[in-house]
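Please examine the sequence and the model displayed below. The paragraphs that follow begin with an open space in the fold and proceed to the elements around it.

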Amino acid sequence: MHQPDTLQAKRVLKLQSLLGLASVVFALPFGISVAVSVLVGAGSCLVANALFAALVFRGYRAPEPARLVMRIYGAEILKIVLILGLFTIAFVTLDDLNLPVLLGAYLAVQVIPTLIAAQTPDRTTK
């Protein structure tokens with residue numbers, strides 16, 4: 001049986017994937033460097049959030065709140081390290097990355113799908 005929070009996390013990841021893909025397609029007319037910057041920002045966000053969700057919701061047990069909190073903190077630290085690593089690799093290996101575009105894509109993919117998922121009424125609390 002799936003927990004409502006697990007289903008919500010999957011939904012957010014799907015929305016992030018769709019927004020990331022749409023952002024890259026929208027960025028293509030502005031040039032390859034802009035599209036690659038959007039891809040790196042959106043992709044880094046998606047990969048880091050997928051890792052976070054996998055670590056937190058794998059073997060999820062709500063009756064053990066202290067253990068769950070430690071999993072969340074650990075997953076968040078790994079998420080931050082992964083994002084910094086991916087950004088560093090991108091800047092070292094790719095030329096002409098646009099930092100404002102990269103960070104804007106990351107922020108958009110991080111925030112917008114979460115806000116959309118939070119506003120939808122079909123979230124259950126069973």
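**The pocket and its surroundings**

The largest pocket is lined by 15 residues, and Val 12, Asn 49, Phe 52, Gln 110 and Thr 114 are those nearest its centre. The search uses a 1 Å grid over the protein atoms alone: a cavity is a set of points where a 1.4 Å probe fits but cannot get out, whereas a pocket is an open set with protein on both sides within 12 Å along at least five of seven lines, and lining residues have an atom within 4 Å of a point. Helix H1 (4–27), helix H2 (32–57), helix H3 (65–93) and helix H4 (99–119) are the elements that give two or more residues to the lining of the largest pocket. Of these, H1 gives the most, with 5 residues. The lining comprises 8 nonpolar, 5 polar and 2 charged residues, where Ala, Val, Leu, Ile, Met, Phe, Trp, Tyr, Cys and Pro count as nonpolar, Asp, Glu, Lys and Arg as charged, and the others, Gly among them, as polar. The volume of the largest pocket is about 250 Å³, a volume being the space filled by probe spheres set on the points, with grid points joined across faces, edges and corners.

The model is predicted: local features need pLDDT of at least 70 and side-chain atom pairs count only at pLDDT 80 or more, while totals for chains, interfaces and linings use all residues. Residues are numbered from 1 along each chain as its sequence is written, and side-chain values use heavy atoms, with hydrogens and water left out.

The protein chain has 4 helices and 0 strands, and its pattern along the sequence is α-α-α-α. Helices (H or I, at least four residues) and strands (E, at least two) are DSSP runs, numbered from the N terminus. Of the 126 residues in the protein chain, 32% are buried; buried means under 20% relative accessible area, exposed over 50%, and partly exposed in between (1.4 Å probe, protein chains only). Among contacts (heavy atoms within 4.5 Å) between residues at least 6 apart in sequence, 72% join residues at least 24 apart.

Gln 16 lies in helix H1 and counts as buried because its relative accessibility is 2%. Not counting residues up to four places away in sequence, Gln 16 touches Cys 45, Leu 46, Asn 49, Val 109, Gln 110, Pro 113 and Thr 114. Gly 20 is also placed in helix H1, and is buried with a relative accessible area of 8%. With neighbours within four places in sequence left aside, Gly 20 is in contact with Ala 42 and Val 109. Its C-alpha is 7.3 Å from that of Leu 39, although Gly 20 and Leu 39 are 19 residues apart in sequence.

What makes up the largest nonpolar core? The 11 residues are Val 40, Ala 42, Cys 45, Ala 48, Ile 83, Phe 87, Ala 90, Leu 97, Leu 102, Tyr 106 and Val 109. A nonpolar core is a set of buried Ala, Val, Leu, Ile, Met, Phe, Trp, Tyr and Cys residues joined through side-chain atoms within 4.5 Å. H2, H3 and H4 are the elements that give two or more residues to this core, and H2 gives the most, with 4 residues. Apart from it lies another core, of 6 residues, including Ala 27, Ala 35, Val 38 and Ala 105.

In H3, the buried residues are Leu 68, Ala 75, Lys 79, Ile 83, Phe 87 and Ala 90, and they pack against H2 and H4. Ile 83, at 9% relative accessibility, counts as buried; leaving out residues up to four places away in sequence, it touches Ser 44, Ala 48 and Tyr 106. The end C-alpha atoms of H3 are 41 Å apart, which agrees with the 42 Å that its 29 residues should span at 1.5 Å a residue; the expected span is 1.5 Å times one less than the number of residues.

In the loop between H3 and H4 is Asp 96, which has a positive phi of about 65° although it is not a glycine. Asp 96 is exposed, with a relative accessible area of 62%. In H4, Leu 102, Ala 105, Tyr 106, Val 109, Pro 113 and Ala 117 are buried.
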